[in-house]
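Let's take a walk through this model together. Keep the sequence and the 3D view open as you read.

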Amino acid sequence: MNAMQKQLILEPKSGRYKLLIFILILTALLWSSSTLEFSASGMGGAVIARNIFLGIFNPDTAILFNWQNGVPFLLLETLAIAFVGTLVGSILAIPLAFLSSQNVVGRPISYVTSLFIMAIRTIPVFVYGLMFIRVTGPGPFAGLLTMALASVGMLSKLFAETIEELDTGIIESLDAAGCNGFEKIRYGVIPQLASDFLSTVIYRFDMNIRDVAVLGLVGAGGIGAPLIFAMNSHRWNEAGAIIIGLILLVFIIEWLSTRIRKKLARG
């Protein structure tokens, strides 16, 4: 008996567990599919999808290249809401991240702050948008507040994970060299956190671009509201122009953010 055969004999028999997992997954899929309802109005949906694609390939150029009230202005508004919302959320997330890190404040304060951050992350962005529209009224400011609060939940959690992975040896070396508190933060903490923090913020900004487009559907500014109005009015050429602009914006932001994050990861 060679070594390979001995290894096969000693290897745990996991076939039963794999079969059990497969049966559980199949049962869950069948149970979930029982709640689905398929309507017989498939032709109407096919016609709408056809009109949308025709609108994309034959967009309304008067809106697509109108720099005052057309697609470029709507894209700029969407970009501004996402950028400012991400910036405000990042600033608010930094102190919460430190307060939720056990290696900074200890377990009790970290536990309470983590529960607060979890509560923020529990509520969907769409619900935040509806809440702020009731408070401030429809418009870009409601979208900005929504993006800021939604960003706080995600960024605080990711920032805290980065802080908990700090190399304390560098800080101890600076302490042994006689550095004061500011110098330890300047040369021991910030260099370790800056690249990870910035990469996370860029990733959140990329997500916020898409979320702002969705928030426009409820009147929180951005390009979503004109898009849904155009589709409800069956102005497919106008809807196609807006979709083209949104696709280009997401593609450009995705390309830029990927390049920046790769450079940050490589140092």
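Rings of Phe, Tyr and Trp (its six-membered ring) count as a pair if their centres lie within 6.5 Å; planes under 30 degrees apart are called stacked, over 60 edge-to-face, and the rest tilted. Search the whole structure that way and you get two aromatic pairs. Take F83 and F205: their ring centres are 6.2 Å apart and their planes sit at 90°, so this pair is edge-to-face. F83 belongs to helix 5 and F205 to helix 11 (residues 181-215), so the pair ties together parts 122 residues apart in sequence. Helices here are DSSP runs (H or I, at least four residues), numbered from the N terminus.

A quick word on what you're looking at: this is a predicted model, where local features need pLDDT of at least 70, side-chain atom pairs count only at pLDDT 80 or more, and totals for chains, interfaces and linings use all residues. Residues are numbered from 1 along each chain as its sequence is written, and side-chain values use heavy atoms, leaving out hydrogens and water.

The protein chain has a mean of 80, with 87% of its residues at 70 or more. Among the chain's elements, helix 5 has the highest mean pLDDT (89), and helix 1 (residues 3-10) the lowest (59).

Now back to helix 5 (residues 71-99): its axis comes within 10 Å of that of helix 13 (residues 236-266).

Key. Axes are lines fitted to C-alpha atoms, for helices over the stretch in contact, and angles run from 0 to 180 degrees between N-to-C directions. Helices (H or I, at least four residues) and strands (E, at least two) are DSSP runs, numbered from the N terminus. pLDDT is the predictor's confidence in each residue, from 0 to 100.
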